[in-house]
Amino acid sequence: MTTAGDFADLTPAQFVKAVVSGSIYPYTEHRVPKPLGGLRTLHAPVPRLSRMQQEILARLEALPAGFQPHPAALAYRRGRSVVDCAAVHLRAHTVIRLDIADFFGSIRERHVHAALKDAWSHPAEREYRIDLVANDDGRQEIGLRRAGRTLDTYTVARLVTVSPPEPSQTWPNRGTGRRCVLLKATGQEFSVRRPRLVYRHTREGFLPQGAPTSGYLSNLVMRDVDDVVTHHAESLGLRYTRYSDDMYFSSRRLVHHDDVDRLVAGVKDALEPLRMRLNTKKTYVARPGARRSVLGILVDGPTPRLTREYKRRITKHVRGAASFGVEQHQRHQGFKDLAELDAHVTGLLSFAHMVEPDWAERQLADWKRLRGIPLEHEEPVLVQHGLDLPWDEDVEVFQADLAKESIDDLVRGAQRYRSSSDYLQMLEFVGRFKRYAPFNAMVVHIQKPGARYVLSSAEWESKYRRVLRPGAQPLLIFQPRGPYMLVYDVGDTEALPGALPLPKRITAPVSVSSRVGEKEVAKVWHHTETNLAPLGIRLTLVDHGASSCGRAYRSRSGTSVERPGSRPGDRPEAYPTLFEIEVNRNLSLLDRYATLAHELGHLFCGHLGAGPEGTWPDRSSRLPPEEEAVKAHARKEVEAESIAYMVLKRLDPDVRMGDYITGHLGPDQQVPESVALNLTFKAAGLIIDMGKKRLAATKLRKPRK
């Protein structure tokens with residue numbers, strides 16, 4: 001058999017004859033591990049054959065609409081993406097996924113031959129032949145051009161399929177056995193007549209996974225199947241799309257089990273003519289309470305959304321780089337250099353940009369800022385054809401990644417508890433979780449600060465008749481007789497009909513009770529947020545549990561925070577970022593504003609250091625002795641909550657905020673002597689003024705002693 005090194009010595013006619021006859025093997029095999037185990041064999045054609053296949057693909061893509069793939073087939077088509085596939089299934093009540101086993105290997109040469117014969121039956125496509133054309137360097141190669149004779153479909157079928165050599169142990173004999181054909185070569189032309197016999201000592205080929213033509217040809221072969229399945233799905237009230245070997249069905253109503261059985265039976269019948277079969281291990285039915293996704297994109301709402309697991313894969317790099325520096329994060333995550341880390345993160349963001357562009361752009365801006373790359377010189381995020389996608393079959397892999405990432409985060413997360421206040425908050429949290437070991441409680445707190453009550457999905461349903469909300473965030477804890485288990489906070493569940501209501505101390509432990517209207521609160525929130533920038537404060541909404549409100553800390557990003565100009569057309573005002581405030585976005589708007597007022601109280605009382613230009617004094621430099629740490633924490637919390645209480649009272653005199661302050665007064669219920677009442681009154685007044693209107697930077701930066 002001729003080896004790859006001899007291909008360059010073959011003339012174009014000899015090369016085609018060798019490929020068609022099977023006397024050469026013009027592919028390189030690559031074995032890639034599958035996400036769920038096993039190996040996937042990819043066949044990469046040699047460049048010479050790849051160019052020929054690309055020419056054939058261009059001719060196929062130019063066919064009239066009547067000879068294009070079925071509209072339900074959305075993979076391997078220009079202008080189509082996974083988002084288009086997911087968009088068909090939006091607002092889905094039930095999502096069903098069926099997987100075709102050994103998809104490309106099941107599409108035989110005979111199927112490709114029949115599809116090509118049908119495609120080129122169109123009058124406009126009948127007059128093409130294989131011809132020798134000169135390329136840029138003067139060498140002759142195979143090309144397609146209009147001629148007076150029909151292009152032999154058997155030859156093309158052999159050029160776009162693969163038949164591994166006889167001794168190959170990777171692929172068994174998949175086909176009809178011996179073949180032979182009559183060949184004719186004349187001068188500068190080469191033609192292949194319609195085969196009368198079959199080649200000897202060759203095996204029937206199949207579609208190579210890795211060739212440029214395979215994806216599109218698979219859609220042509222599956223056209224009749226897609227048509228039958230579409231009509232069958234519509235008869236059951238289902239929507240249908242196929243993305244390569246993944247068949248998705250959805251409905252906006254409940255799909256009963258017998259309908260699912262009828263669907264599967266109908267799909268099996270439709271696949272039978274191609275001798276294809278379903279991989280029953282990958283059949284997936286998702287109803288409310290389970291993650292309803294298509295190709296890794298959530299479709300349970302009106303717009304496509306990324307899963308929390310996928311967002312976590314991105315934010316762990318952005319937050320890790322922000323907290324510990326890009327280089328240290330790169331070493332900790334095991335990347336060989338910054339270029340490899342950057343390629344990994346931007347690759348993840350490319351897919352995210354297709355699904356949630358606004359969120360992805362914010363993450364990209366943060367990442368480029370941390371990497372020190374000027375955004376104005378950065379190329380936009382590009383969506384590449386053939387991007388490595390987060391298929392639904394990788395759900396278990398995502399969960400395993402989540403487990404590994406969460407364990408790694410223990411080391412980094414423990415750094416948060418160096419300060420006495422955070423340490424006491426963590427101890428208080430661990431004390432509430434009586435059901436699990438203290439170490440597991442700490443693991444939960446690291447992953448989701450403010451989680452109130454966690455159980456596995458099975459326990460939520462069996463004990464409390466509650467199911468998981470769409471996009472529920474799984475939390476990892478360690479299992480006594482296993483590596484780990486996944487639990488979910490009460491805030492990520494919803495009650496089934498007949499479920500008893502849970503106590504408010506569990507579902508909404510930090511809720512503020514008030515009669516003030518949401519419109520008024522939104523106006524106050526907007527003005528307050530606008531006035532943060534001149535003070536060097538950046539506000540961020542984060543996804544935390546029900547009992548976590550927020551936190552404030554000094555910024556180490558070295559970036560600037562902006563606010564719009566006072567009049568339309570004015571340039572934005574930019575100020576150095578000195579402090580960060582995080583507020584739980586899962587709280588009600590009033591609770592968010594109360595949290596913001598509380599954290600601003602910490603800042604304006606100097607608990608994190610002095611403000612810009614002496615706006616407020618520094619009361620953090622003198623650290624108390626170890627035995628006074630608890631009293632110092634109580635003093636800070638009393639000051640901050642007193643400020644929030646006064647601010648909320650101005651909105652509604654009848655507001656109720658619980659007993660948070662009294663929880664820090666100690667057994668004698670006395671206010672700590674170190675509480676600076678004068679400073680708290682001034683801080684409350686400033687926050688109230690900030691909520692009324694846009695304030696000038698000079699007024700905001702006026703020193704308060």
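This is a predicted model: local features need pLDDT of at least 70, side-chain atom pairs count only at pLDDT 80 or more; totals for chains, interfaces and linings use all residues.
Biologist: How many residues of α7 are buried?
Modeller: Eight of its eight. Helix α7 covers residues 214-221.

Biologist: Which ones are they, by name?
Modeller: S214, G215, Y216, L217, S218, N219, L220 and V221.

Biologist: New topic. Which residues touch the most other members in the largest nonpolar core?
Modeller: F15, M247, F249 and V267. That core has 59 residues.

Biologist: Which helix gives the most to this core?
Modeller: Helix α9, residues 257-271. It gives six residues.

Biologist: Take V267. What does V267 touch?
Modeller: Leaving out residues up to four places away in sequence, V267 touches L98, V229, H232, M247, F249 and L278. M247 and F249 are also among the core residues that touch the most other members.

Biologist: On to α10. How do α10 and α13 pack?
Modeller: Their axes are 9 Å apart, at an angle of about 30°. Angles under 35 degrees count as roughly parallel, so α10 and α13 are roughly parallel to each other.

Biologist: Is that crossing left-handed or right-handed?
Modeller: Left-handed.

Biologist: Which residues meet there?
Modeller: From α10, K311, I314, T315, H317, V318, A321 and A322. From α13, residues W359, Q363, D366, W367 and L370. By class, the contact has seven nonpolar, three polar and two charged residues.

Biologist: And α11? Where do the axes of α10 and α11 run?
Modeller: The axes of α10 (residues 308-324) and α11 (residues 326-333) come within 7 Å and cross at roughly 125°. That makes α10 oblique to α11. The crossing is right-handed.

Biologist: Which residues make the contact of α10 with α11?
Modeller: K316, H317, G320, A321 and F324 of α10 make it with V326, Q328, H329 and Q333 of α11.

Biologist: How many nonpolar, polar and charged residues has the contact of α10 with α11?
Modeller: Three nonpolar, five polar and one charged.

Biologist: Which residues of α10 touch both partners?
Modeller: H317 and A321 are listed in the contact with α11. H317 and A321 also meet α13.

Definitions and conventions:
Residues are numbered from 1 along each chain as its sequence is written. Side-chain values use heavy atoms; hydrogens and water are left out. Axes are lines fitted to C-alpha atoms, for helices over the stretch in contact, and angles run from 0 to 180 degrees between N-to-C directions. Helices (H or I, at least four residues) and strands (E, at least two) are DSSP runs, numbered from the N terminus. Angles under 35 degrees count as roughly parallel, over 145 as roughly antiparallel, 65 to 115 as roughly perpendicular and the rest as oblique. A crossing is left-handed if the near helix is turned anticlockwise from the far one by less than a right angle, and right-handed if clockwise. Contact means heavy atoms within 4.5 Å. Ala, Val, Leu, Ile, Met, Phe, Trp, Tyr, Cys and Pro count as nonpolar, Asp, Glu, Lys and Arg as charged, and the others, Gly among them, as polar. A nonpolar core is a set of buried Ala, Val, Leu, Ile, Met, Phe, Trp, Tyr and Cys residues joined through side-chain atoms within 4.5 Å. Buried means under 20% relative accessible area, exposed over 50%, partly exposed in between (1.4 Å probe, protein chains only).
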